[in-house]
Amino acid sequence: MATVTKDVEAYKTIKVPLWVYENAKEVELALIKKGAEHIPLEVLEPRSCPICKSKLEPFKTEKKDNEYLRCSRCGYTQQRFSRERLFEGVVLGTAIGMGLVYFLNALFGGAERRS
Ligand SMILES: [Zn+2]
């Protein structure tokens, strides 16, 4: 049986209120100015799924050679944000994506601990 793989780099349009858009632009600007050094590793490149805590498996796409992490148990997928390649492509989308990883960590019991 063939597995259907979604194109994780396809773009979707969403509609948000102005205040959300303006906050997202603010985060985008701060990310460009400050970089990713203040962002925890559980957001940039977590080892376990924020939802079900299973191990995340890395994979690459052929198109852009970005690295992603996928949970084989629940299907959770996110980009692996390398600090060098953080600002290639759509920074606003990256800012929103990172914010959502923060949100998932908060909703599903917080970050894994790494020392
Ligand atoms: Zn999972």
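Which glycine follows H3, and is its phi positive or negative? Gly 109 follows H3, and its phi is positive, near 90°. The legends below set this residue among its surroundings.

This is a predicted model, in which local features need pLDDT of at least 70 and side-chain atom pairs count only at pLDDT 80 or more, while totals for chains, interfaces and linings use all residues. Residues are numbered from 1 along each chain as its sequence is written.

**View 1. The whole chain holds three helices and three strands.** From the N terminus on, the elements run α-α-β-β-β-α. Helices (H or I, at least four residues) and strands (E, at least two) are DSSP runs, numbered from the N terminus. Of the 115 residues of the chain, 12% count as buried. A residue is buried if 20 or more other C-beta atoms, placed from the backbone, lie within 10 Å of its own, exposed if 12 or fewer, and partly exposed in between. Among the contacts with a separation of 6 or more, 51% join residues 24 or more positions apart. Two residues are in contact if their C-beta atoms, placed from the backbone, lie within 7 Å.

**View 2. Helix H3 covers residues 91-107.** The 17 residues of H3 should span 24 Å at 1.5 Å a residue, and the end C-alpha atoms are 24 Å apart, which agrees. Here the expected span is 1.5 Å times one less than the number of residues in the helix. Which residues of H3 are buried? They are Ala 95, Met 98 and Val 101. Seen down the axis of H3, these buried residues fall within an arc of 120°, so they line one face of the helix. That arc is taken from the directions from the helix axis to the C-beta atoms. The buried residues pack against helix H1 (18-34), H2 and strand S3 (77-79). On the other side of H3, Phe 103 and Leu 107 are exposed.

**View 3. Helix H1 lies largely in the open.** The number of buried residues among the 17 of H1 is zero, which is why the helix is described this way. At 1.5 Å a residue H1 should span 24 Å, and its end C-alpha atoms are 24 Å apart, which agrees. After H1 comes Gly 35, with a positive phi near 75°.

**View 4. H1 and H3 cross at roughly 100°.** Their axes come within 9 Å. Axes are lines fitted to C-alpha atoms, for helices over the stretch in contact, and angles run from 0 to 180 degrees between N-to-C directions. The two helices are therefore roughly perpendicular to each other. Angles of 65 to 115 degrees count as roughly perpendicular, under 35 as roughly parallel, over 145 as roughly antiparallel, and the rest as oblique.

**View 5. Leu 31 sits in helix H1.** With 19 other C-beta atoms within 10 Å, Leu 31 is partly exposed. Leaving aside neighbours within four places in sequence, Leu 31 is in contact with Ala 36, Val 91 and Ala 95. The C-alpha atoms of Leu 31 and Thr 94 are 9.5 Å from each other, although 63 residues separate the two along the chain.

**View 6. Three strands form an open sheet in the order S1-S2-S3, with antiparallel pairing.** S1 and S3 stand at the edges with a single partner strand each, so one side of each is left without a neighbour in the sheet. Neighbouring strands are turned by 30° against each other on average, direction ignored. Two strands pair if DSSP finds at least two bridges between them. Arg 70 is bridged to Thr 77 in S3. In the hairpin of S2 and S3, with five residues between the strands, Gly 75 takes a positive phi near 90°.

**View 7. Lys 53 has a positive phi of about 70° although it is not a glycine.** Most residues other than glycine have a negative phi. Lys 53 is found in the loop between helix H2 (41-44) and strand S1 (56-60). Lys 53 counts as partly exposed, because it has 15 C-beta neighbours inside 10 Å.
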